[in-house]
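Here is a colleague's note, in numbered points, for someone opening this structure for the first time. Please keep the sequence and the model in view while reading.

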Amino acid sequence: MSLRAIVVLPTYNEVDNIRPMVEDILRHGPNVLVVDDGSPDGTGQLADQLQADCPERVDVLHRTAKQGLGTAYVAGFKRALSRGYDLILEMDCDFSHDPSYLPLLLERAETADVVLGSRYIVGGGTVNWSPLRRIISRGGSLYSRVVLDLPYHDLTGGFKCFHRQVLEALELESVTSNGYAFQIELTNRAHRRGFSIAEVPIVFQERREGASKMSKDIVIEAAWKVWRFRFGG
């Protein structure tokens with residue numbers, strides 16, 4: 001029996017990207033759950049239209065305000081689990097994560113509990129990034145890898161696939177991180193609980209439309225929370 005897969009897709013002001021992204025994901029296999037944080041630009045309403053057009057494959061979860069990427073993913077994961085999905089993926093809505101990699105992640109998930117889309121293994125990379133952003137991202141992954149004694153090369157990336165039993169075991173209610181820290185925390189928890197984790201190469205491209213949501217606060221949160229994860233917090 002084939003496993004049912006869904007992509008959890010958090011959105012905030014992604015009206016220019018939401019339709020082509022959802023359509024592209026559907027072409028590559030998984031269903032889609034849009035988690036919209038009350039986008040003032042109409043992203044949520046457009047997501048509702050997409051759901052009306054394809055109700056068997058598109059779901060929408062509306063939240064009343066911007067509450068952070070980590071909480072959006074947790075809400076989406078819980079919804080996907082409640083709907084009985086076997087494989088739950090996460091990715092960005094701005095085409096920095098290319099949906100054409102979805103079959104690769106799903107194929108690798110046949111033999112791994114968690115699959116990380118990695119920019120920092122052979123075959124991976126980044127496109128159209130400034131030198132500073134490259135340093136922050138690669139340095140953040142290396143820093144987290146050393147502090148947490150983890151063998152994975154890309155700990156800050158947000159293109160992942162989880163088997164449902166992993167998310168069920170991760171105590172999602174206690175996850176409070178956002179941004180980079182959220183990605184690090186989930187991988188660290190899965191590793192500590194003994195789940196098998198694999199990396200597949202992806203090329204990350206700068207977003208097509210809209211403004212980046214990267215901020216100094218996201219970097220600072222990750223820097224100090226890694227130490228809390230290290231000591232079991």
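This is a predicted model: local features need pLDDT of at least 70, side-chain atom pairs count only at pLDDT 80 or more; totals for chains, interfaces and linings use all residues.

Which residues touch the most other members of the largest nonpolar core?

1. The largest nonpolar core has 34 residues, and the members that touch the most others are Phe77, Ile88 and Leu167. Two or more residues are given to this core by each of β1 (5-11), β2 (31-36), α3 (69-82), β5 (114-118), α5 (131-148), α6 (164-169), α7 (179-192) and α8 (216-230). Of these elements, α3 supplies the largest share, with six residues.

2. Leu167 deserves a separate look. When residues up to four places away in sequence are not counted, Leu167 touches Phe77, Leu81, Ile88, Phe162 and Leu172.

3. The next point concerns how α5 and α7 meet. Their axes come within 12 Å and cross at roughly 35°, and the crossing in which α5 passes α7 is right-handed. On the α5 side the contact is made by Ile136, Ser137, Ser144 and Leu148, while α7 brings Tyr180, Ile184, Asn188 and Arg192. Sorted by class, the residues of this contact of α5 with α7 are four nonpolar, three polar and one charged.

4. The axes of α1 and α2 come within 10 Å, crossing at roughly 35°, and α1 passes α2 in a right-handed crossing. Here Ile18, Arg19 and Val22 of α1 meet Thr43, Leu46, Gln49, Leu50 and Asp53 of α2. The contact of α1 with α2 is made up of four nonpolar, two polar and two charged residues.

5. The surroundings of α1 extend beyond that one partner. Within α1, the residues Ile18, Met21, Val22, Asp24, Ile25 and Leu26 are buried, and the buried residues of this helix pack against β1, β2, α2 (43-53), β3 (58-62) and α4. Glu23, by comparison, has its place in helix α1 (residues 18-27) but counts as partly exposed, at 34% relative accessibility. The C-alpha atoms of Glu23 and Leu50 are separated by 8.9 Å, although the two residues are 27 residues apart along the chain. Just after α1 comes Gly29, with a positive phi of about 125°.

6. How many disulfides does the model contain? The count comes to zero.

7. Two residues call for a check of the backbone. Asn13 is not a glycine, yet its phi is positive, at about 55°; Asn13 lies in the loop between β1 and α1 and is partly exposed, with a relative accessible area of 31%. Phe95, also a residue other than glycine, has a positive phi near 70°. Phe95 sits in the loop between β4 (87-90) and α4 (102-108), and with a relative accessible area of 8% it is buried.

8. Is Asp154 buried or exposed? At 1% relative accessibility, Asp154 counts as buried, and its place is in the loop between α5 and β7 (160-163). Leaving aside neighbours within four places in sequence, Asp154 is in contact with Leu116, Gly117, Ser118, Arg119, Tyr120, Ser141 and Glu199. The C-alpha atoms of Asp154 and Gly123, which are 31 residues apart along the chain, are separated by 13 Å.

Note on methods: Residues are numbered from 1 along each chain as its sequence is written. Side-chain values use heavy atoms; hydrogens and water are left out. A nonpolar core is a set of buried Ala, Val, Leu, Ile, Met, Phe, Trp, Tyr and Cys residues joined through side-chain atoms within 4.5 Å. Buried means under 20% relative accessible area, exposed over 50%, partly exposed in between (1.4 Å probe, protein chains only). Helices (H or I, at least four residues) and strands (E, at least two) are DSSP runs, numbered from the N terminus. Contact means heavy atoms within 4.5 Å. Axes are lines fitted to C-alpha atoms, for helices over the stretch in contact, and angles run from 0 to 180 degrees between N-to-C directions. A crossing is left-handed if the near helix is turned anticlockwise from the far one by less than a right angle, and right-handed if clockwise. Ala, Val, Leu, Ile, Met, Phe, Trp, Tyr, Cys and Pro count as nonpolar, Asp, Glu, Lys and Arg as charged, and the others, Gly among them, as polar. A disulfide is a pair of cysteine sulfur atoms within 2.5 Å.
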